[in-house]
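The exercises below are meant to be worked through with the model open.

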Amino acid sequence: MTYAGDDDATIVFPAVTINISQVDTVRMLTAYAVLLFLIPATLIFAPLGGEGTPAMVFSLCIFLWYLASWISGRIEPTGGGRTVRITMLIFAIAVLASFVAAMTRDITQTEVLAADSALVWLVSGAGLVIVITETMREFDRLEVLLRRLVVLGSVIAAIGILQFRGIDLTTVLHIPGLTVNSQDVIALMDRGGFIRPQSTASQPIEFSVVMALLLPLAIEQAFRHEYGGWLRRWVPVGLIGFAGPLTVSRSGIIGIGAGLLVLLPTWKLRRILGALGVLAVGVGLMRFLAHGLVTTFLNLFQGIFNGQDSSVNARVADYSGVSQYIVERPLFGRGFGTFLPQLYRYTDNMYLLAVVEIGVVGVIAIVILFCSGIQSAVLGRRRTRLPQQRATGQALAASMVVALVTSATFDSFTFPMFSGLFFVLMGCCGAYCTIMTRNSGSPFLTAVPAPIPGGQVVRVNVGAR
């Protein structure tokens, strides 16, 4: 067998030639993103339970395709994204340890089923990270995937904006074979007299944070002239940036602020002043189109400090409400996915929920997981001097910071759209670092086969971080 390298991506067997480029990872991930964004998160395959969303099922199929192709020799893994893959392994071990801990206590059948579903969720997320880091070889293909995520994000942003105006397109979407997971979840909420859009997400807070995750990428792409005219480049930014605040969710505003704080230091003064001007215009436009919304937000944030906000008070009460469960099993927790609201209570804080479900070990693993995505994006950015490649790295780092910060304001991993997008972006961070490392000729490399004349195979360096 001979391997012909990344350019033509061909593997030659004695009797068959397989062109890997014909099975493009980016195309499969695009199909996954379509299922994740455009099919309401409340629609599931009922026999598979709450985790049986079409996107989840398809992600498992992608992972199985990768494993079959790897075992059969049709794909040579790049060995890339080592940092994010190692931290994903650490997180997986923590989850498995909590599963064992759950099975050793007095546990209900409902919790057992929830723990089993959590393992399926884990395989899906880990599979996405592995497939992206091990198969993504070119920066251009990575850019295509990120651009498609932004375009799809702008589509669901438009759906959310229409919901805010009382037009709910998700109610007319009926897909044979799928059933509604919960009637309570799909009911549109309101706050301060405003409808809180959730688009195709399961909750307004999830929708707002997804918009915050995508906004840094949308902004970075808007400065790239190769994506077309200014209207084509800036409409996604406008839709995503406008839809997030319409949810009347503090988490979304905090996420947008965190992402911008990461982007701003890398911008020139002229761009910063322009961004502040656009922000001022956007706030004014929001006051005009949704009178009272800005005031509602100001009152919501004031409620954090004056003790009169019921949502904030409930979050504070969560700490004392779960303390007994933490004391009982502080190290590995009660089992990932088993602290069900219908049996116990909501936590509205992923880190607090993680202490309960996977213990102190699990919380540390989650923080490391988030930080590894940030570190990979930053490290990759440092290894290139090309402006557009550096901008992509900064945008990925900003998205990871959004995930890190907002997970303290809602139980992020329990939401399918957030977690699905997060693992895709995690894989992109690892792949980005690998590609930048390889292109820079950095010594932090590993060996994979490459051809030499005569059909022999030698080993050369490509990025491994």
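**Exercise 1.** How much space lies in the second largest pocket?

*Solution.* This is a predicted model, in which local features need pLDDT of at least 70 and side-chain atom pairs count only at pLDDT 80 or more, while totals for chains, interfaces and linings use all residues. Residues are numbered from 1 along each chain as its sequence is written, and side-chain values use heavy atoms, with hydrogens and water left out. A pocket is an open set of points on a 1 Å grid over the protein atoms alone, where a 1.4 Å probe fits and protein lies on both sides within 12 Å along at least five of seven lines. The space filled by probe spheres set on these points is the volume, and for the second largest pocket this is about 1500 Å³.

**Exercise 2.** Describe the lining of the second largest pocket, taking as lining residues those with an atom within 4 Å of a point.

*Solution.* First, the lining has 45 residues, and Ile 219, Val 237, Leu 260, Ala 275 and Val 278 lie nearest the centre of the pocket. Next, sort the lining by class, where Ala, Val, Leu, Ile, Met, Phe, Trp, Tyr, Cys and Pro count as nonpolar, Asp, Glu, Lys and Arg as charged, and the others, Gly among them, as polar; this gives 30 nonpolar, 8 polar and 7 charged residues. Finally, look at the helices, which are DSSP runs of H or I with at least four residues, numbered from the N terminus: helix 11 gives the largest share, 12 residues, and the helices that supply at least two residues each include helix 10 (250-263) and helix 15 (387-406).

**Exercise 3.** At what angle do the axes of helix 10 and helix 15 cross?

*Solution.* Axes are lines fitted to C-alpha atoms over the stretch in contact, with angles from 0 to 180 degrees between N-to-C directions. The two axes come within 8 Å and cross at roughly 145 degrees. By class, the contact of helix 10 with helix 15 (contact means heavy atoms within 4.5 Å) has 10 nonpolar, 5 polar and no charged residues.

**Exercise 4.** Is Asp 411 buried or exposed?

*Solution.* Asp 411 is found in the loop between helix 15 and helix 16 (416-440). Its relative accessible area is 9%, so Asp 411 is buried, the term standing for under 20% with a 1.4 Å probe and protein chains only. Leaving aside neighbours within four places in sequence, Asp 411 has contacts that include Thr 347 and Leu 353; Thr 347 is 64 residues away along the chain, yet the two C-alpha atoms are separated by 6.9 Å.

Methods:
Buried < 20%, exposed > 50% of the residue type's maximum accessible area, 1.4 Å probe, protein only.
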